[in-house]
Each structure stands twice: as C-alpha cells, then as structure tokens.
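Reader: Hi! I have the sequence and the model open side by side. Could you walk me through them?

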Amino acid sequence: MASPRTVTIVALSVALGLFFVFMGTIKLTPRLSKDAYSEMKRAYKSYVRALPLLKKMGINSILLRKSIGALEVACGIVMTLVPGRPKDVANFFLLLLVLAVLFFHQLVGDPLKRYAHALVFGILLTCRLLIARKPEDRSSEKKPLPENAEEQPSLYEKAPQGKVKVS
C-alpha cells in the first residue's frame, strides 16, 4: 500500500496540475469561458501599464498573457502526467509564476479577493514541493542486526516505571 506521503504528493500534483492547465487555457483561448478570457485580457493590459519596464523590453500584454498561459499549461501537464523529478521542476516554475502574479496584483492595487486564489495555490505549491523534497522517514523500519549482536532495549523500555515525584 502507498504511504500517506505518496498519496498526498500524487493528490496535490494531479489537483494542482489540472488547475493550472485550466487557468492557462483560459489565458490562451476564449473557448472555455469568454468572460474569464476577456477579464484576463483586461488584467494583463493593466499589468503592462503598471510596469513600464515590460514595454521597454518589447513585451506587450498579449505576449505576457500568452507566455504565462502556455507555461501554466505545460507545467500543469507535467505535474499531472509526468512522474519523477520533472514534477518538482514544474512545481518550482509554477511557484515562480504565482509569485510574479501576486506581484502584478499588488502593483495594480487589486483587492485581496482578486488574488486570493493565487495565494492559496501558491501555498499548496509550496507544501507539495516541501513534502516531495523531504526525504522518506525510515525510522519506523527495523534494521537487521549482525548475527552476534544482541538487541538493545529502547530508551522507553529502559525508563523506570512508576510515579515521578515533582517538588
């Protein structure tokens, strides 16, 4: 049976991957939701207006929106379908994207309700990455002893039983 850690990582990977595929697709095409697509277009225009450095670099709102959307779709697919280390790389890129989006929301002065989802998914991405990068805990498994060695009692077995006097 799979460990709870593995189940958690898989569940977070699939859920986060599907979410970012969905959100990236909304940024790329109006087929899923015309209202959400037009809202994304409006939002990215305000981001580029608020950050003139992007204009100087030749990045317009369409390029910014489509590149972020394409990266979200690509990383979402990796998070959902690809096993192993690429999931962690995709997780890291998505975390950077979420931080950039939070920066953009703060830059234009959006209220919290406009970017609360980005905060929540940023926290989920961070948790998934921390759980995935933490080494597996193997302390519960007994290591085989050499043939001539005696098994030592644990500290709990050595501890005196009875009442403890506290003054």
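Predicted model: local features only at pLDDT ≥ 70, side-chain atom pairs only at ≥ 80, totals over all residues.

Reader: Thanks! Let's begin with S67: where is it?
Author: S67 lies in helix α4. Helices here are DSSP runs of H or I with at least four residues, strands are runs of E with at least two, and both are numbered from the N terminus. Residues are numbered from 1 along each chain as its sequence is written, and side-chain values use heavy atoms, leaving out hydrogens and water.

Reader: Why does S67 count as partly exposed?
Author: Because its relative accessibility is 38%. Buried means under 20% relative accessible area, exposed means over 50%, and partly exposed is in between, using a 1.4 Å probe and protein chains only.

Reader: How far is S67 from L28 in space?
Author: Their C-alpha atoms are 8.8 Å apart, while the two residues are 39 apart in sequence.

Reader: What about G24, buried or exposed?
Author: G24 is buried, because its relative accessible area is 0%. G24 sits in helix α1.

Reader: What does G24 touch?
Author: Beyond its neighbours within four places in sequence, G24 is in contact with G69, E72 and V73; contact means heavy atoms within 4.5 Å. The C-alpha atoms of G24 and I68 are separated by 7.2 Å, and these residues are 44 apart along the chain.

Reader: Back to α4. At what angle does it pack with α5?
Author: About 145 degrees, with the axes of α4 (residues 61-81) and α5 (residues 85-108) 9 Å apart. Axes are lines fitted to C-alpha atoms, for helices over the stretch in contact, and angles run from 0 to 180 degrees between N-to-C directions.

Reader: Which residues meet there?
Author: On the α4 side they include L64, I68, L71 and C75, and on the α5 side they include A90, F93, L94 and L97. By class, this contact has 12 nonpolar, 3 polar and 2 charged residues. Nonpolar covers Ala, Val, Leu, Ile, Met, Phe, Trp, Tyr, Cys and Pro; charged covers Asp, Glu, Lys and Arg; the others, Gly among them, are polar.

Reader: And D88, buried or exposed?
Author: D88 is buried, because its relative accessible area is 10%. D88 belongs to helix α5 and touches R128, L129, A132 and R133, not counting residues up to four places away in sequence.

Reader: How many residues are in the largest nonpolar core?
Author: It has 29 residues, and those with the most contacts inside it include L16, Y44, L64 and L94. A nonpolar core is a set of buried Ala, Val, Leu, Ile, Met, Phe, Trp, Tyr and Cys residues joined through side-chain atoms within 4.5 Å. The largest share of this core, 8 residues, comes from α5.

Reader: What is Y44 in contact with?
Author: Leaving aside neighbours within four places in sequence, Y44 is in contact with K27, S61, L64, R65, I68 and V101.

Reader: Stepping back, how many helices and strands are there?
Author: The protein has 7 helices and 0 strands. Buried residues make up 32% of its 167 residues.

Reader: Last one: which helix has the lowest mean pLDDT?
Author: Helix α7 (residues 155-158), at 56, while α4 has the highest, at 95. The pLDDT is the predictor's confidence in each residue, from 0 to 100. The protein averages 86, and 81% of the residues score at least 70.
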